[in-house]
Amino acid sequence: MTIRINLALQGGGAHGAFTWGVLDRLLEDEGIEIAAISGTSAGALNGAALKAGLISGGPAGARASLDQLWADVAQLSDLRVAAWMQPFLPGLQAAAQIAHSLTPLSASGIAAQFYTPYAWGAAWQNPLAPVVARLDFSHMHRSEGLRLFVGATCVETGRGRVFTGHDVTPDALLASACLPSVFQAVPIDGKHYWDGGYSGNPALFPLYEPEFPDDILLVAINPFTRDGIPMTPMDISDRVTEIGFNTALLSELRAIHFVRRLIAQGRMDRGRMKDVHMHLISDEALMSGLPASSKQTPSPALFARLKAAGRAAAGSFLDTHRDDLGKRPSFDLRALFG
């Protein structure tokens, strides 16, 4: 029996290789059909690569497409430092060595604090553009089969926008992954867009439509909890960003929990609103142990580690909760919110 599910894929830069591993394992399971994907940033790239490969070559094609995506990303240098910034790095090495005794900064990290992607104006090039351009967009707009939703944040209004259908273009993917300190804002339809994580990491509401199954499997790569108090400037900044990127998602999860409670108490008729079954695949111990700077530093060794961890986490989820799919939630939202 085939079980249809939706996927919600978080963003997190290079840490999105964990999601690659999760998807690689799920695609091996012939009893699971992915109906829709909502993704942000790296989650959107993973979703687009999966859809492109799935349409042209089935599950094997999707896995190959994901492999190619992350092989391409692995060829990039530190995403915090575009090619035009490289000449400045030697002069920052001494500063980095001094700063490292106080807080773990690299020359790239220091450079990113002094130079913005707007420093060279029109001469700036998005390092992710060639990666995105190599994805097969020939069938990306098809509405039949797997639906793809890509989240980004409008700079001018601060509101989120979800791209789907014909609006899923290379620019939409670049917008979804546009960290403002790393990339220039992406212009689309007369407005400019930053990373979708600011407004939804990822957005869940597109998956509430009646034609989609009740089950949403969230692949989380940003820890919900982190022990200890950050004390260095970098650690404080990283945790503030992490909290901000989880805020919109937590709001949607709280709303799902509220609706389910109303239905269970008989205070809302079944069918009036979607009775969402939430599921979670994550590895908070691993993600909490990785420095936030590694999100912008592609590394084949890191990718291999994260992919293996994602496959293991997905395998563990299927062993433990496969029978819950299509029947009941396995993510305890009551425990999440206390």
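**Aromatic pairs and backbone**

Modeller: The structure, which is a predicted model, holds seven aromatic pairs. In one of them, the rings of tryptophan 124 and phenylalanine 183 have centres 6.4 Å apart and planes at 70 degrees, and because an angle over 60 degrees counts as edge-to-face, this pair is edge-to-face. Tryptophan 124 belongs to the loop between α4 (107-114) and α5 (129-133), while phenylalanine 183 sits in the loop between α6 (170-176) and β5 (186-188), so the contact ties together parts that are 59 residues apart in sequence. Tryptophan 124 is buried, its relative accessible area being 10%, and phenylalanine 183 is buried too, with a value of 3%.

Another pair is formed by phenylalanine 224 and phenylalanine 331, whose rings are 6.4 Å apart from centre to centre with 35 degrees between the planes, an arrangement described as tilted. Here phenylalanine 224 lies in the loop between β7 (215-219) and α7 (233-264), and phenylalanine 331 in the loop between α9 (300-321) and α10 (333-337), so that this pair ties together parts 107 residues apart in sequence. Phenylalanine 224 has a relative accessibility of 15% and counts as buried, and phenylalanine 331, with a relative accessible area of 12%, is buried as well. There is also an aromatic cluster, made up of Trp20, Trp70 and Phe303.

Turning to the backbone, most residues other than glycine have a negative phi, and most peptide bonds are trans. Against that background, the bond that joins asparagine 201 and proline 202 is a cis peptide bond, with omega at about -5 degrees; proline 202 is found in the loop between β6 (191-195) and β7.

Serine 41 is not a glycine, yet its phi is positive, at about 55 degrees. Serine 41 is placed in the loop between β2 (32-40) and α2 (42-74), and its relative accessibility of 7% means that serine 41 counts as buried. Aspartate 189 likewise has a positive phi, near 55 degrees, in a residue other than glycine. Its place is in the loop between β5 and β6, and aspartate 189 is exposed, with a relative accessible area of 63%.

Terms used
Residues numbered from 1 in each chain as written. Predicted model: local features only at pLDDT ≥ 70, side-chain atom pairs only at ≥ 80, totals over all residues. Heavy atoms only, no water. Phe/Tyr/Trp six-rings, centres within 6.5 Å; stacked < 30°, edge-to-face > 60°. Helix = DSSP H or I, 4+ residues; strand = E, 2+ residues; numbered from the N terminus. Buried < 20%, exposed > 50% of the residue type's maximum accessible area, 1.4 Å probe, protein only.
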